[in-house]
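Have the sequence and the 3D view at hand as you read.

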Amino acid sequence: MAPRIAHVDDDSDIREAVERILCKDGYEVDSYLSMQDFINSLQDETDPPDLAILDVMVESMDSGLTTYAHIHKRFPKKQTIFLTSLGDMIRPYFEDGSHEWVCIMEKPVEPVSLLATINERLRVR
């Protein structure tokens, strides 16, 4: 069974590009326009995605961080990649040790780098 990745971004071009890259590499991708759509998809706790890719600024300046806090309470070690133009500026929002399950990548990201990071993150889960 292919690993399933949830991706949330309000930019349709980025959503489509990431989905193409990941599907071509054999991943199953669930794309979401809003953080709320993604949160709603997690109602079935028996089948969460293997990894989440979140933008920080979707509906508001910090919706990605708020969504991460919500996910982290329910799935404490869920691998999460923040794909954001803010880069490491968001690192202070995370607790010590979070580097084990949170990765920050700055947009634009090269497909090879994204795939390598996803593969590494899925290996450690």
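A residue counts as buried when its relative accessible area is under 20%, as exposed when that area is over 50%, and as partly exposed in between. The model you are looking at is predicted. Cysteine 103 has a relative accessibility of 13%, so this residue is buried. Cysteine 23, with a relative accessible area of 39%, is partly exposed. As for sulfur bridges, the structure holds 0 disulfides.

Now to the rings. A pair of aromatic rings is described by the distance of the centres and the angle of the planes. Searching the whole structure turns up 2 aromatic pairs. Here they are together:

| Pair | Distance of centres | Angle of planes | Type |
|---|---|---|---|
| Tyrosine 32 and phenylalanine 38 | 5.6 Å | 45° | tilted |
| Tyrosine 68 and phenylalanine 82 | 5.9 Å | 65° | edge-to-face |

Why is the pair of tyrosine 68 and phenylalanine 82 edge-to-face? Planes over 60 degrees apart count as edge-to-face, and the planes of these two rings stand at 65°, so the pair takes that name. Tyrosine 68 belongs to helix α3 (residues 63–74) and phenylalanine 82 to strand β4 (residues 79–84), so their pairing ties together parts that are 14 residues apart in sequence.

One more ring is worth a look: lysine 78 sits over the face of phenylalanine 75, 5.6 Å from the ring centre.

Methods. Residues numbered from 1 in each chain as written. Predicted model: local features only at pLDDT ≥ 70, side-chain atom pairs only at ≥ 80, totals over all residues. Heavy atoms only, no water. Phe/Tyr/Trp six-rings, centres within 6.5 Å; stacked < 30°, edge-to-face > 60°. Helix = DSSP H or I, 4+ residues; strand = E, 2+ residues; numbered from the N terminus. Lys NZ or Arg CZ within 6 Å of the ring centre and 35° of its normal. Disulfide = S-S within 2.5 Å. Buried < 20%, exposed > 50% of the residue type's maximum accessible area, 1.4 Å probe, protein only.
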